[in-house]
Amino acid sequence: MDRREFLKHAATLALFAPLARFGAFAAEDVPAIPGLTDKKSEIAEGPQVARRPYKNTALTVPLLGMGMMRLPTKGRGIIDYEAARKLVERAMRAGINYFDTAWFYHKGESENCVGELLSKYPRESYYLADKMPCRVLETEADVDRIFKEQLRKCKVEYFDFYLMHALNARTWKKSQELHVYEYLKKQQAAGKIRLLGFSFHDNYQVLREIANAKEWDFCQIQLNYIDWKAYHSKEQYEILTRRGIPAVLMEPLKGGRLAKIRPEAEAILRKARPNDTPAAWAFRFAGSLPNVLVMLSGMTRMEHMEENIKTFSPFEPLTEQERLVLAEAFGKDAVDAVPCTTCEYCLPCPATVNIPRVFKIYNGYKSSGDKEQFKKDLGALDAEDHGAKACVSCGLCLKKCPQKIPIPTWMGTIVREQTLAQK
Ligand code: SF4
Ligand code: SF4
């Protein structure tokens with residue numbers, strides 16, 4: 001990174017400076033929200049992850065929440081319930097008592113898994129977030145049917161946090177036609193939803209429109225170091241902060257990409273804090289924003305969970321100096337990557353391309369420059385007809401991608417780079 005570029009990053013990061021007043025999150029002498037009590041894990045022991053209050057209230061949530069979209073599997077997407085049970089238990093012991101599921105996660109199985117695993121714990125000891133799948137709604141009756149089905153699958157009487165899922169200009173318009181917000185407000189009044197929000201995938205102008213249109217208790221956005229600029233997360237965060245809407249973060253590690261970075265970038269981070277992983281830096285970047293209520297991480301393996309618990313207990317916001325170190329290390333990663341978050345909404349592909357996997361391999365190659373690994377990983381996918389070469393450019397995936405990635409165009413680019421790498 002040259003001096004000019006470095007200073008530009010430093011200026012961007014300086015925006016965090018007035019926001020970095022931490023230690024101010026004690027929740028003493030603050031009011032309770034009627035019907036919404038603070039919840040703590042009843043099996044808490046050992047180091048506890050940091051917590052933040054919901055607005056100026058006695059309700060506190062862990063700064064790290066467990067995303068239930070990337071649960072351990074036994075292959076072919078079948079959830080490994082025993083491994084997931086151990087992760088949930090470890091989470092609860094560390095005070096991670098916020099769990100985030102959705103209708104689409106694990107093709108509908110995540111909600112069943114949540115119901116099975118969390119029903120072992122008292123309902124007053126955990127927060128559950130679920131989402132209305134606005135994309136697939138066709139009638140008002142669908143809204144009612146799905147909401148009731150979700151309560152049944154999750155084995156709960158109410159949701160602590162409930163979201164209209166993946167709103168963008170199109171799904172927001174459709175949701176308005178189907179009166180989804182009004183339906184959910186009625187459920188909130190009836191005590192079936194405690195806090196109502198939405199998750200968001202579109203440009204910040206659309207976010208501003210939605211945020212201004214209704215009363216929202218919280219909003220879930222994609223935010224991490226790279227997306228701060230590339231995906232305009234900064235503008236999104238600022239819109240929410242100005243409206244007084246707490247932010248729940250998804251993709252703080254950008255689908256795992258920020259856990260494995262270029263060796264040169266990692267060396268810069270390790271020099272500053274030898275024991276911290278790149279993932280810890282990414283979490284600390286996102287958590288240094290005070291309007292962040294909770295950030296979600298899909299912790300598939302126990303070592304991810306243990307590493308994350310370490311990062312959050314206690315949680316240390318970035319210092320000014322560390323922000324500059326981060327800018328220096330990550331500057332190059334902020335360009336040229338496909339902004340895929342491996343959400344899998346584009347699947348299934350009729351030509352069986354494993355789109356998120358192809359992008360993950362490609363982004364890894366662009367970050368690490370490891371040509372041999374790139375050839376090997378893509379070759380393995382090709383052998384099963386799941387690689388970029390299988391794409392027939394039908395375009396069906398384009399409408400489904402919340403990041404608006406021109407998927408077939410990228411598939412062509414990746415095939416060309418793959419061919420070049422083989423020469
Ligand atoms: S454009 Fe390619 S990747 Fe997308 S759905 Fe069609 S075949 Fe699959
Ligand atoms: S290409 Fe788009 S829809 Fe598919 S996994 Fe990536 S971000 Fe999600």
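Where does L258 lie? L258 is found in the loop between β9 (247-250) and α10 (263-272), helices (H or I, at least four residues) and strands (E, at least two) being DSSP runs numbered from the N terminus.

## Ground rules

This is a predicted model, where local features need pLDDT of at least 70, side-chain atom pairs count only at pLDDT 80 or more, and totals for chains, interfaces and linings use all residues. Residues are numbered from 1 along each chain as its sequence is written, chains are lettered from A and ligands numbered from 1 in the order written, and side-chain values use heavy atoms, without hydrogens or water.

## Two residues to look at

With a relative accessible area of 1%, L258 is buried (under 20% relative accessible area; exposed is over 50% and partly exposed in between, with a 1.4 Å probe and protein chains only). Its C-alpha is separated by 8.8 Å from that of W281, 23 residues apart along the chain.

N212 belongs to helix α7 (residues 204-213) and, at 43% relative accessibility, is partly exposed.

## Helix α2

Helix α2 (residues 81-93) has 13 residues and reaches 18 Å from first C-alpha to last, close to the 18 Å expected at 1.5 Å a residue (1.5 Å times one less than the number of residues). Its buried residues are A84, L87, V88, A91 and M92. Down the axis of α2 they fall within an arc of 135°, so they line one face of the helix (the arc takes directions from the helix axis to the C-beta atoms).
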